[in-house]
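Subject: Structure handover and notes

Dear colleague,

Please find below the structure I promised to pass on.

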Amino acid sequence: MKVVIMGCSRVGARLAEMLAREGHQVAILDINASSFRRLPQDFTGTALLGSGLDEASLNKAGIKTADVFIAATQGDNRNIMASQIARHIFSVEKVVCRIYDPLRRDLYGELGLETISSTTIVAQMIKDGLEQQES
Amino acid sequence: MYIIIIGGGRLGYNLAKSLILESYEVLVIEKDVEVVEHINAEMGSIAIAGDGCEGKILESAGARRADIFIALTGEDEDNLVACQIAKHYFKIPRTIARLLDERNERLFRKLGIDVTINSTGIILEYIKHELPSPPVMHLLNLREAEYEIVDITIPSAASTIGMAFKDLKLPEGAILALILRSGKKPLVPGDSTMVEALDQVIAVISPENETLLRQALTEK
């Protein structure tokens, strides 16, 4: 599987590492070269300096032949815009978008993006953990 | 008519001001509290502090009854997302987005933003019109061959006037295809064709040699 990840955040880097280790072809983009320090020494994928909002950078990362695009920067709006570029301009089959804001998560889910809100997921997990303790 | 503006910078501020003069109901949503206070001190309480992409802020701004939504922040992604939320969640009938990178225009249109305004592009066009000698106009991009067809007008003050086209030192690969003179038939420059003021020269050139070609045609 060919995967393009935008944002070498903790989540992005970890995901890139996991997917590359499983033998997938991974390219990870970040606008800040120092973010790549989060990648392991033996990372077998490609780390590219560039923005996921920029078509030239996306082309370099191989977006045209990618099976999956994942937007994992810290900014909801950047992630949303990049995901829509991947989906509507480059017709990437599977696009996953990280969104912190639950309202935006719901809205873009309805508009056809696969969205993940760590805010909602983590809050739910903590609550579940508390309830288990109580019982 | 109720209009919501996102971004209270120079653009948002001046737009709000002129819309109020035309008696529209206007609300500005701006992140910077100081800017909000400044606007409110001058125009009455028409600005609130907050993120124009946030549902709660828009809800409290009465976005559901707004008629027009205008996003004027300095970031394309913020303008895009604000307009999409306005359109799809709050059902505001008309959304207008400022565009900083013209390459995003196609995406914005595809995603249903009603109007996009490329402020940089507009300013550049105006400036071009004000330049004394119109620069190289692009007629056609021959993408495959990496050449382009351009139109260069010889200014009245060009030092090449009176010279033969064949004596001009053209950059490598340049081809002068056609000369257009007012009131005359288009002609292909031959051995004896001289440069005349206001000749419109249609040429084939590689993009990197464009400036050299303009210099060759206008300066001795």
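In these notes a residue counts as buried if 20 or more other C-beta atoms lie within 10 Å of its own, as exposed if 12 or fewer do, and as partly exposed in between, with C-beta atoms placed from the backbone. By that definition Lys94(A) is partly exposed, because 14 other C-beta atoms lie within 10 Å.

Before going further, please keep in mind that this is a predicted model, in which local features need pLDDT of at least 70 and side-chain atom pairs count only at pLDDT 80 or more, whereas totals for chains, interfaces and linings use all residues. Residues are numbered from 1 along each chain as its sequence is written, while chains are lettered from A and ligands numbered from 1 in the order in which they are written.

To finish with Lys94(A), this residue sits in strand S5 (residues 94–98) of chain A, where helices (H or I, at least four residues) and strands (E, at least two) are DSSP runs numbered from the N terminus. Leaving aside neighbours within four places in sequence, Lys94(A) is in contact with Asp67(A) and Val68(A), a contact being two residues whose C-beta atoms, placed from the backbone, lie within 7 Å. The C-alpha atoms of Lys94(A) and Ala61(A), which are 33 residues apart along the chain, are separated by 16 Å.

Turning to chain B, there are 7 helices and 10 strands. The radius of gyration of chain B is 25 Å, well over the 17 Å that the globule rule gives for 220 residues, so chain B is more spread out than a compact globule; the radius is taken over C-alpha atoms, and the rule is 2.2 Å times the number of residues to the power 0.38. The C-alpha trace of chain B spans about 75 × 35 × 30 Å along its principal axes, and buried residues make up 30% of the 220 residues. Chain B is assigned domain 1 (2–125) and domain 2 (133–218), with bounds that come from an automatic or database domain assignment, and the centres of these two domains, taken over C-alpha atoms, are separated by 45 Å.

In the part of chain B that holds strand S4 (residues 68–71), both faces of this strand are covered, with Ile68(B) and Ile70(B) on one side and Phe69(B) and Ala71(B) on the other, all of them buried. Strand S1 (residues 2–6) of chain B runs parallel to S4(B) and is joined to it by 4 bridges, and S4(B) also pairs in the parallel sense with strand S5 (residues 94–99) of chain B over 4 bridges; two strands are said to pair if DSSP finds at least two bridges between them. Within these pairings, Ile3(B) has Ile68(B) as its bridge partner, and Phe69(B) stands opposite Thr95(B).

Which residues touch the most other members of the largest nonpolar core? They are Ile5(A), Phe69(A), Ile5(B) and Phe69(B), in a core of 71 residues, where a nonpolar core is a set of buried Ala, Val, Leu, Ile, Met, Phe, Trp, Tyr and Cys residues joined through C-beta atoms within 7 Å. Helix H4 (residues 76–89) of chain B supplies the largest share of this core, 6 residues. A second, separate core of 10 residues includes Ile152(B), Ile179(B), Ile205(B) and Leu213(B).

Between the chains, 14 residues of chain B are in contact with 14 residues of chain A. H4 and helix H5 (105–110) of chain B each supply at least two residues of the side that touches chain A, and H4(B) gives the most to that side, with 7 residues.

Further along chain B, 4 strands form an open antiparallel sheet in the order S7-S8-S10-S9. Strand S7 (137–142) and strand S9 (175–180) of chain B are the edge strands, each pairing on one side only.

Lastly, two residues of chain B other than glycine have positive phi values: Ser23(B), near 60°, and Leu198(B), about 65°. Ser23(B) is exposed, with 8 other C-beta atoms within 10 Å, whereas Leu198(B) is partly exposed, with 13 C-beta neighbours inside 10 Å.

With best wishes
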